[in-house]
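Subject: Structure handover and notes

Dear colleague,

I am passing the structure below on to you, together with my notes on a few of its residues. Please read the notes with the coordinates open.

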Amino acid sequence: FRPADFEFYQAFSELNTTWERDPIVGQFDVFHTINNNVKIQFGGKFRVKQGGRSISLHQWSQNIPLRSEPYLLNQFATESFDKPNQFLSQLGSNYDDNFFQFLTLSQRDNFVQPIGDTLREYKMDVTNTEYRFWVGSQYHYTETQYAAYGMVTAKIGGRLNLLAGMRVEYTNLQEYSDTLLPKKNPNFDGTYSDSLVFDPVSGSLHPLPVERVTDLKYFAFLPSLNLNYVLSDKINLRFAVSRTYHRPNFEETKPGYGQYRIDELELTYGNSRLKPTYSINGDFTFEYYWGNKGMMTLGGYYKYVTDHIFATTTSYVDVFGIVAKRYENAPKSWVGGIEASIQRQFDFLPKFWSGFGVSANFTYSWSQMQVPGRTFKQAMTEQSPMLYNIAVYYERKGVTARIALNYISPYLKYLNLFSVKDTDGILKLVHQDTNFDVYRGQSYNLECSVAYSFAKYYTVYAEATNLLDYPDLVYRGKAARPVRTEYYRQRAQLGIRMEF
């Protein structure tokens with residue numbers, strides 16, 4: 001692994017430009033009080049959202065006519081890849097002797113410019129052999145949203161508070177992206193031929209990129225009812241029922257060819273026929289207050305979901321193992337769960353000790369969705385069954401301090417619906433079980449902070465996060481089959497804040 005043994009082959013950089021703006025936004029609200037117990041409110045909103053993403057690859061290789069001698073690694077500034085013996089140090093391993101020297105960060109950032117006159121740049125266009133991956137990696141969109149609402153709040157009998165309303169929204173999405181399917185041009189004899197471009201360098205014909213369009217229009221009717229019953233000075237009972245919806249994001253509805261993620265070897269296809277997700281929600285909460293700064297809640301909820309959006313692996317593009325992903329709707333799903341929380345400052349203790357307090361919350365849920373093509377029901381994607389966080393804090397005489405532990409249990413990230421045609425030409429799933437679906441592993445995060453406020457306007461603070469450096473694990477079927485494992489190390493900051 002000597003640097004002199006390695007010759008320069010190719011340099012490349014990925015360029016990613018993402019932008020979004022709201023050039024037109026209009027809103028009005030009208031309030032009217034009927035009497036001391038009844039108030040009404042109505043209004044509307046109009047928004048035009050525009051945005052896009054441009055992702056491409058710049059490639060350079062040695063221009064042999066201008067320089068016949070190869071560039072060697074030892075001709076550039078290098079350093080050990082595992083300089084402080086920290087590569088996968090969480091596993092107790094030392095890989096220092098298993099890597100060759102790498103370019104320093106400074107050398108990497110200034111690699112092309114000093115030798116640029118001896119390099120040949122390959123543009124990412126139809127003449128590039130890798131253009132088939134990158135053609136769909138840029139898109140732009142215009143989304144127009146219209147919304148109107150009306151609501152009423154009322155106090156009934158001194159103990160019951162009611163809030164009821166209706167919101168209506170209309171969305172019109174126009175989204176554009178490219179694909180490499182040949183464009184058909186009409187001939188004089190009534191037939192059609194492919195539109196191709198000639199590459200004089202390779203002497204071959206390439207299909208032209210053809211623009212594809214997503215045109216989605218949909219109404220959403222969203223009623224809601226919230227009731228709060230004051231059982232006593234310390235106890236509230238809350239009940240709510242509503243219909244909500246979630247628009248698919250722009251990557252999920254992108255038309256044309258897939259968006260290429262070179263670092264993850266993934267082509268992510270949008271679905272121009274994707275539907276928004278609707279949910280009918282119901283929840284009940286018991287609230288108990290005690291002391292000046294104490295509260296406890298216990299509740300349950302249920303959501304009936306239609307057209308839940310999930311990601312799925314559908315195929316492998318070629319022998320390089322590039323995964324093709326796309327988005328689909330699950331017709332019917334549901335999720336239900338229980339929630340509990342407690343917060344209490346120990347203000348009943350004397351002096352210094354009265355500043356301490358504790359807060360915690362816990363959520364446990366069950367979910368199920370029917371995936372098209374599978375004969376069984378399974379947990380919903382992006383739905384963690386259990387979450388909790390526990391914190392101990394201190395607040396007194398300008399001093400605030402907090403240490404908190406957060407936990408997220410493993411959950412399903414996306415499905416493996418790879419399918420092939422059988423001997424009868426019928427498309428069938430290769431994996432009829434969840435052993436090849438992709439999951440995100442459990443996560444622990446410990447963080448702490450401390451601050452002191454003085455002279456009315458100033459605060460000195462220090463905070464640290466990710467103290468456990470718990471791995472971010474994505475795995476296939478079982479944790480013993482990792483797809484990606486990442487560590488982000490601890491992060492801390494110290495500063496002073498002025499507020500006037």
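This is a predicted model: local features need pLDDT of at least 70, side-chain atom pairs count only at pLDDT 80 or more; totals for chains, interfaces and linings use all residues.

Residues are numbered from 1 along each chain as its sequence is written, and side-chain values use heavy atoms, with hydrogens and water left out.

Q145 sits in strand β6 (residues 139-156), strands being DSSP runs of E with at least two residues, numbered from the N terminus. With a relative accessible area of 13%, Q145 is buried (buried means under 20%, exposed over 50% and partly exposed in between, with a 1.4 Å probe and protein chains only). Its side chain makes a polar contact with that of E143 at 2.7 Å (a pair of N or O atoms within 3.5 Å, one able to donate a hydrogen and the other to accept it; residues adjacent in sequence count only if both atoms are side-chain atoms).

Y364, in strand β18 (residues 356-370), is partly exposed at 30% relative accessibility. Leaving aside neighbours within four places in sequence, Y364 is in contact (heavy atoms within 4.5 Å) with G336, G337, I338, P385 and M386.

Most residues other than glycine have a negative phi. E382, however, which is not a glycine, has a positive phi of about 60°, and it lies in the loop between β19 (377-378) and β20 (386-396). D469, also not a glycine, has a positive phi of about 50°; D469 is buried at 10% relative accessibility, whereas E382 is partly exposed at 48%.

Best regards

Conventions. Helices (H or I, at least four residues) and strands (E, at least two) are DSSP runs, numbered from the N terminus.
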